Amino acid sequence: MDHFGQRLYLTGIGSDVTEADLREFITKYGHHQPALVERVDLHTALPAYVVSFPPLEDGVVQEIARRIDGIYWHHHALDVHVI
């Protein structure tokens, strides 16, 4: 449970989006650079990603999620959850 609340689970991302695209998007709109971006659902048209951050203050990852949840990006609406 050391990393609870320090990661995001993102869905609704087009398969044409690269890890670099996603990192740039999160940094731009979430105002924090992710430490790790991992695609976890490899065999679907809209893959899922787990995004980890370096240790941040309480509530910061929740704020990042609030900022990017529901944004329409690359023809899809993002669905973001803190895990």
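The structure is a predicted model. The secondary structure of the chain amounts to 2 helices and 6 strands, arranged from the N terminus in the order β-α-β-β-α-β-β-β. The chain has a radius of gyration of 12 Å, close to the 12 Å given by the globule rule for 83 residues, and is therefore as compact as a globular protein of that length. The C-alpha trace extends over about 35 × 25 × 20 Å along the principal axes. Contacts between residues at least 6 apart in sequence were examined for their separation along the chain, and 64% of them join residues at least 24 apart.

Of the 83 residues, 35% count as buried. Charged side chains comprise 6 positive and 12 negative ones, and a distance of 4 Å separates the centres of the two sets.

Helix α2 spans residues 60–68, and its buried residues are V61, I64, A65 and I68. These four residues lie on the same side of α2, because the arc they cover around the axis is only 100°. The cover over the buried residues of α2 includes strand β1 (7–11), helix α1 (19–30) and strand β6 (79–82). Following α2 is G70, which has a positive phi near 85°.

Helix α1 contains L22. The relative accessibility of L22 is 0%, which is under the 20% cut-off, so L22 counts as buried. With residues up to four places away in sequence left out, the contacts of L22 are L10, I13, V17, V37, Y49 and W73. The C-alpha atoms of L22 and V51 are 9.4 Å apart in space, with a separation of 29 residues in sequence.

When neighbours within four places in sequence are set aside, S52 is in contact with Q6, R7, P34, A35 and L36.

Definitions and conventions:
Residues numbered from 1 in each chain as written. Predicted model: local features only at pLDDT ≥ 70, side-chain atom pairs only at ≥ 80, totals over all residues. Heavy atoms only, no water. Buried < 20%, exposed > 50% of the residue type's maximum accessible area, 1.4 Å probe, protein only. Arc of directions from axis to C-beta. Contact = heavy atoms within 4.5 Å. Rg over C-alpha atoms; globule rule 2.2 N^0.38 Å. Lys, Arg positive; Asp, Glu negative; His and termini not counted. Charge placed at Lys NZ, Arg CZ, Asp CG, Glu CD.
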